[in-house]
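Let's take a friendly walk through this protein, one part at a time. Have a look at the chain first, and then read on.

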Amino acid sequence: LQDCDAISAIEVLDEAIHAGFVVIDSSHSERYLFTHELFTDCIVSFMLASERYQLHANVAGKLKEKSAQHAGSPAIILEHLILSGPLAVRDELIEYSLRAGRMALDELAFENARRYFETGLKEISESANDRRRADLLVGLAESCFGRDDVNSLIREAFAIYESLGDR
């Protein structure tokens, strides 16, 4: 589908829907899902790693364009950025980790939020006095409420904010 024109891509998707391999996502009418994970695994197994990386980078780019027009899901964009491997832009991974984490916190999806904030933290040096690192630490602390390491996360974030002149 990557090299198809729009009409050919729609025809292929229609055939896949009628054959029962693909369905339209009930929560996003412009999104398609394979009906079984084995279909995804089969298709992916025929792709070179570089093709998969490029495909996910392209999907992330298209989703970012669409999310600029209306509220998209930062978690889906983050997933494609992660799957784009070496093609992912570090700053975008950090930004979408923050966005996805904040949205997950708003939805009370604490485990997802924790995973998103941890993803962003992996991209920033521990020694970085970066506001985004502090924001990720605070988000991680919020998602881990009740755990023993919350206080150390908050102290580290506070030290970064203080070094940046925030009080």
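Predicted model: local features only at pLDDT ≥ 70, side-chain atom pairs only at ≥ 80, totals over all residues.

## Helix α5

In α5, the buried residues are Leu93, Ile94, Tyr96, Ser97, Leu98, Ala100, Gly101, Ala104 and Leu105. Buried here means under 20% relative accessible area, while exposed means over 50% and partly exposed is in between, using a 1.4 Å probe and protein chains only. α5 is 17 residues long and spans 24 Å from its first C-alpha to its last, close to the 24 Å expected at 1.5 Å a residue; that expectation is 1.5 Å times one less than the number of residues.

Numbering starts from 1 along each chain as its sequence is written, and side-chain values use heavy atoms, leaving out hydrogens and water.

## The overall layout

The protein has 8 helices and 2 strands, and along the sequence they run α-β-β-α-α-α-α-α-α-α. Both kinds of element are DSSP runs numbered from the N terminus: helices are H or I with at least four residues, strands are E with at least two.

Of the 167 residues, 29% are buried. The accessible surface is about 10900 Å², and carbon and sulfur atoms hold 55% of that; the areas come from the Shrake-Rupley method with a 1.4 Å probe. As for contacts (heavy atoms within 4.5 Å), 43% of those with a separation of 6 or more are between residues 24 or more positions apart.

## One side of α4

Which residues of helix α4 are buried? In α4 (residues 74-83), they are Pro74, Ile77, Leu78, His80 and Leu81. They sit on the same side of α4 because they cover an arc of only 165 degrees around the axis, taken from the directions from the helix axis to the C-beta atoms. An α-helix has 3.6 residues a turn, so residues three or four places apart point the same way.

After α4 you'll find Gly85, whose phi is positive, near 55 degrees. Further on, Val89 sits in the loop between α4 and α5 and is partly exposed at 43% relative accessibility. Val89 is 32 residues from Ala57 in sequence, with their C-alpha atoms 9.5 Å apart.

## The nonpolar core

A nonpolar core is a set of buried Ala, Val, Leu, Ile, Met, Phe, Trp, Tyr and Cys residues joined through side-chain atoms within 4.5 Å. The largest one has 28 residues, and Leu78, Leu81, Phe117, Leu136, Leu137 and Leu140 touch the most other members. At least two residues each come from α4, α5 (90-106), α6 (110-122), α7 and α8 (150-163), with α5 giving the most, 7 residues.

Leaving out residues up to four places away in sequence, Leu81 touches Ala60, Lys64, Ala88, Glu92, Leu93 and Tyr96. Over in helix α7 (residues 131-143) is Ser143, buried at 8% relative accessibility. Beyond its neighbours within four places, Ser143 contacts Leu105, Phe110, Ala113, Arg114 and Phe117.

## An aromatic pair

How many aromatic pairs are there? The count is 1, where rings of Phe, Tyr and Trp (its six-membered ring) pair if their centres lie within 6.5 Å, and planes under 30 degrees apart are stacked, over 60 edge-to-face and the rest tilted. Phe21 and Phe39 have ring centres 4.8 Å apart and planes at 90 degrees, so the pair is edge-to-face.

Phe21 lies in the loop between α1 (6-19) and β1 (22-24), and Phe39 in helix α2 (residues 37-45), 18 residues apart. Phe21 is partly exposed at 39% relative accessibility, and Phe39 is partly exposed at 29%.
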